[in-house]
Amino acid sequence: MAVPPQALVNRNKKHFLGIPAPLGYVAGVGRGATGFTTRSDIGPARDANDVSDDRHAPPPAKRKKNEEEDDDEDLNDSNYDEFSGYSGSLFSKDPYDKDDAEADAIYEAIDKRMDEKRKEYREKRLKEDLERYRQERPKIQQQFSDLKRELVSVSEDEWAAIPEVGDARNRKQRNPRAEKFTPLPDSVLSRNLGGDSASSLDPTSGLASMNPGVMTPGMLTPTGDMDLRKIGQARNTLMNVKLSQVSDSVTGQTVVDPKGYLTDLQSMIPTYGGDINDIKKARLLLKSVRETNPNHPPAWIASARLEEVTGKLQSARNLIMKGCEVNPSSEELWLEAARLQPRDTARAVIAQAARHVPTSVRVWIKAADLEQETKAKRRVFRKALEHIPNSVRLWKAAVELENPEDARILLSRAVECCPTSVELWLALARLESYENARKVLNKARENVPTDRQIWVTAAKLEEANGNINMVEKIIDRAITSLSANGVEINREHWFKEAVEAEKSGATQTCQVIVRAIIGHGVEQEDQKHTWMEDADHCANQAAFECARAVYGHALSVFPSKKSIWLRAAHLERLKGTRASLEALLQRAVAHCPKSEVLWLMGAKSKWMAGDVPAARGILSLAFQANPNSEEIWLAAVKLESENQEYDRARRLLAKARASAPTPRVMMKSAKLEWALDNLDVALDLLDEAIKIYPDFPKLVMMKGQIEEQLKKYDDAHSTYNTGLKKNSSSVPLWTLLSALEEKRGLITKTRSVLEKARLRNAKVPELWLEAIRVEIRGKQNEIANSLMARALQECPNSGILWAEAIFLESRPQRKTKSVDALKKCEHDAYVLLAVSKLFWCERKNQKCRDWFNRTLKIDPDFGDAWAYYYKFEVMHGTEALQEDVKNRCKAAEPHHGEYWCSVSKNIANWCLNVEQILLLVAKELPIPS
């Protein structure tokens with residue numbers, strides 16, 4: 001670096017000027033000065049997190065070697081580690097890698113495993129110590145537990161006689177002496193101020209401010225003398241006025257309305273329960289929106305509603321009215337303002353709104369709603385229609401307030417102003433006479449050629465006036481005209497019109513609509529399926545005439561389809577008359593003479609009506625059409641036997657055995673003789689039948705049962721065993737054999753038979769159930785539970801087993817078992833019946849009734865459910881409910897069920913009808929427990 005020339009150097013300038021002071025420098029320390037520090041020396045205040053300025057920091061102190069050694073060898077207990085001792089980790093300075101993490105995880109797993117070995121013992125010991133401690137030092141609650149239990153026996157009088165708890169404090173604490181304040185009379189003040197004659201007080205003195213009721217001079221305080229006597233008199237007068245406001249001067253009782261007082265207090269409670277900070281933030285935000293864009297109506301509405309929610313209704317009204325002033329053309333603001341105001345004020349507000357927004361329909365409707373008298377409402381609507389003559393909504397509201405004559409006049413004007421409104425045209429047509437209604441509907445069709453409702457209304461009008469022939473022409477013209485005007489013919493919409501026409505009583509119109517529209521847009525191969533769906537849809541909506549029309553059209557296209565005839569007959573049987581059913585069946589057998597079911601339905605209808613000769617005539621015609629039909633032969637036999645014509649039944653069965661010797665005919669022949677107590681003849685018939693049909697198990701079962709009835713147990717045993725050789729898969733036959741062995745007292749043999757049956761017929765729940773019940777009857781509940789567990793493993797979805805398992809459990813466990821059963825068999829009638837019986841046991845009658853209905857909805861052929869339901873209603877229901885169950889059971893005609901079949905198939909009850917069987921089964925049923 002070049003040295004500056006000597007001429008340029010100032011010799012008087014010191015070399016250290018402009019250079020920062022050395023660290024630790026204190027000015028004047030050489031002269032004995034101690035030094036001082038100013039704010040400029042230490043700089044501004046800093047935050048703890050700021051970077052420190054180490055310019056003036058003292059040098060770090062050097063640590064002695066001994067101190068370092070002491071730190072390294074810190075033997076304090078707080079520095080002790082079980083694994084690494086006192087000195088800390090030997091490798092704490094090294095990086096922590098994956099191998100270290102894996103080693104730590106292994107050691108942690110080992111520690112956890114070692115801890116688990118003694119965990120059970122340690123927890124047991126801890127529990128024992130805790131129990132011992134509780135015994136030595138019981139809680140206060142446990143010490144008084146015996147006394148608490150004895151409170152059950154305390155009577156009401158003893159409880160009332162218990163003295164109140166005394167106050168243990170001393171008298172001074174119990175009765176603190178109230179601090180007494182004696183008001184100073186005005187006379188004392190006046191006497192001390194200036195003698196006895198003084199009667200006023202200088203308002204400029206300090207005493208004036210001390211005296212209550214006296215104001216010191218200020219901006220609003222008048223100056224001058226104050227008469228203290230008058231002050232006292234005024235105070236007394238004010239007190240008297242207040243007292244007279246709240247009390248009756250005669251009786252002294254209060255005249256304050258407590259209800260109104262409480263209502264006023266309630267109105268002061270804020271209804272908003274949120275955070276007050278949120279309200280403040282929302283208020284500021286909405287204020288900013290209003291100021292930024294004052295012409296935005298939602299901002300004003302939101303602000304007003306915020307104030308309304310927080311209980312400041314007046315603020316909300318002020319805000320919304322200000323918004324209306326800023327945005328006079330916003331109907332939303334005016335409507336909100338009318339809502340917030342009381343009725344009288346709202347009327348004035350809505351009137352102002354109508355002047356600013358005369359074309360708003362909602363404003364006029366609100367104005368009419370605010371009026372209380374009908375006359376005023378009419379005046380409002382007429383004023384509104386002057387401004388908005390093309391509003392359909394206003395015309396409808398105005399018409400609703402008028403009488404029929406005035407409504408007709410209004411509507412005639414309304415259709416001129418709103419010629420495209422179908423509702424107004426139809427309303428006018430309803431109020432006009434027949435001729436005028438036709439003219440109105442013709443004008444409506446000219447103005448609105450694309451609406452189907454006008455055509456349907458015209459058809460209804462013609463039907464109501466007896467012009468049935470015009471109905472079909474109108475509907476045909478409607479479809480043609482609508483198609484020409486480009487309207488899509490939607491089957492669903494037209495079916496909806498047909499259903500509505502039927503509900504309004506226009507049955508001819510609904511049938512014509514169905515016939516006209518049913519084939520529209522349906523492919524030929526889909527016709528039958530689509531039409532059956534249409535019929536079901538109509539029947540589900542209770543539109544049975546529409547369903548009849550669908551079936552009638554389907555049968556005209558498919559006259560030989562037996563399934564359509566059966567569905568139509570089912571509809572007539574449920575919702576039609578006997579005459580309509582018989583007429584339909586006559587047409588059915590004419591088109592389907594080979595259908596045995598249709599012949600039998602016709603014969604049964606005649607028989608149920610009591611016309612036995614007509615039923616015989618139908619069956620004779622059925623014989624001609626189906627000479628060797630088993631069903632018709634058996635129906636004829638049943639008809640004769642039900643009417644106690646047993647000889648004719650025998651002759652019919654003999655002819656049937658000669659012409660159509662089927663197993664059922666042979667069985668019915670033997671059953672008739674068995675029922676008539678001709679057991680030898682029945683056995684002969686059964687022997688003959690078993691030789692011909694050895695693989696028909698019902699013949700073997702009947703023969704065995706007759707032999708059991710005759711106490712010939714060995715013969716019955718031989719019969720069952722012989723039958724099982726040919727019918728090893730017949731579950732009822734195995735069950736009968738096991739029951740015979742149990743009746744003979746051979747329990748071991750019974751178990752053997754059922755075990756053999758289960759080997760031959762795997763996964764058959766009925767066999768498992770019978771084995772379980774054998775053990776239950778033998779008081780072997782443990783074996784029964786074991787068998788049930790095995791059965792549910794083999795047949796996990798068997799409802800009959802789950803139903804039995806529920807009642808095998810103890811009462812507390814049944815509910816849990818029923819939940820498991822419902823998870824496995826949600827829609828099984830046996831499980832639902834078991835749940836119904838559970839609710840019966842718990843006396844939950846309404847739930848029990850609901851579950852019975854669910855059971856019968858799933859399986860209406862389940863006779864046991866009907867019998868339990870009827871027994872429940874007999875015990876807990878009314879006569880009306882009992883009759884309802886009985887009638888529903890007769891309509892369902894159940895055939896299945898364990899208890900039901902035991903009664904209905906008993907040969908002694910062979911002539912009983914459904915109602916009689918129901919009463920017998922309900923009588924024999926056990927009450928669930």
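Of the contacts in the chain with a separation of 6 or more, 49% are between residues 24 or more positions apart. The model is predicted, and its chain has 51 helices and two strands. Of the 929 residues of the chain, 34% count as buried.

**Helices H18 and H19**

- Helix H18 spans residues 361–370 and helix H19 spans residues 374–387; their axes come within 8 Å and cross at roughly 170°.
- Since angles over 145 degrees count as roughly antiparallel, H18 and H19 are therefore roughly antiparallel to each other.
- The handedness of the crossing of H18 and H19 is right-handed.
- On the H18 side, the contact involves Trp364, Ile365, Ala367, Ala368 and Asp369, which meet Lys377, Val380, Phe381, Lys383, Ala384 and His387 of H19.
- By class, the residues of this contact between H18 and H19 comprise seven nonpolar, one polar and three charged.

**Glu371, in the loop between H18 and H19**

- Glu371 is situated in the loop that lies between H18 and H19.
- The relative accessibility of Glu371 is 17%, and Glu371 therefore counts as buried, the cut-off being under 20%.
- The side chain of Glu371 is joined to the side chain of Arg347 by a polar contact of 3.4 Å.
- With neighbours within four places in sequence left aside, the contacts of Glu371 are Arg343, Arg347, Ala376, Lys377 and Val380.
- Lys377 and Val380 are also among the H19 residues that meet H18.

**Helices H32 and H34**

- The axes of helix H32 (residues 596–608) and helix H34 (residues 630–642) come within 10 Å, with a crossing angle of roughly 10°.
- Because angles under 35 degrees count as roughly parallel, H32 and H34 are roughly parallel to each other.
- Glu596, Leu600 and Trp607 of H32 meet Glu631, Ile632, Ala635, Leu639 and Glu642 of H34.
- The contact of H32 with H34 has five nonpolar and three charged residues, and no polar ones.

- Ser629 is located in the loop between helix H33 (612–625) and H34.
- A relative accessibility of 4% means that Ser629 counts as buried.
- Ser629 and Ala656 are separated by 27 residues in sequence, and their C-alpha atoms are 9.0 Å apart in space.

**Helices H44 and H45**

- Helix H44 (residues 799–808) and H45 have axes that come within 8 Å and cross at roughly 170°.
- This angle makes H44 roughly antiparallel to H45.
- From H44, Trp802, Ala805, Ile806 and Phe807 meet Arg814, Lys817, Ser818, Asp820, Ala821 and Lys824 in H45.
- The residues in the contact of H44 with H45 fall into five nonpolar, one polar and four charged.

**Ser818, within H45**

- Ser818 has its place in helix H45, which covers residues 811–824.
- Ser818 has 7% relative accessibility and therefore counts as buried.
- A polar atom of the Ser818 side chain lies 2.5 Å from the backbone oxygen of Lys815.
- Not counting residues up to four places away in sequence, Ser818 touches Ile806, Val835 and Leu838.
- Ile806 is one of the H44 residues in the contact with H45, and Ser818 is one of the H45 residues there.

How values were computed. Residues numbered from 1 in each chain as written. Predicted model: local features only at pLDDT ≥ 70, side-chain atom pairs only at ≥ 80, totals over all residues. Heavy atoms only, no water. Axes fitted to C-alpha atoms, helices over the stretch in contact; angles between N-to-C directions. Helix = DSSP H or I, 4+ residues; strand = E, 2+ residues; numbered from the N terminus. Parallel < 35°, antiparallel > 145°, perpendicular 65-115°, else oblique. Left-handed = near helix turned anticlockwise from the far one by under 90°. Contact = heavy atoms within 4.5 Å. Nonpolar A, V, L, I, M, F, W, Y, C, P; charged D, E, K, R; others polar. Buried < 20%, exposed > 50% of the residue type's maximum accessible area, 1.4 Å probe, protein only. Polar contact = N/O pair within 3.5 Å; in protein donor to acceptor, adjacent residues only side chain to side chain.
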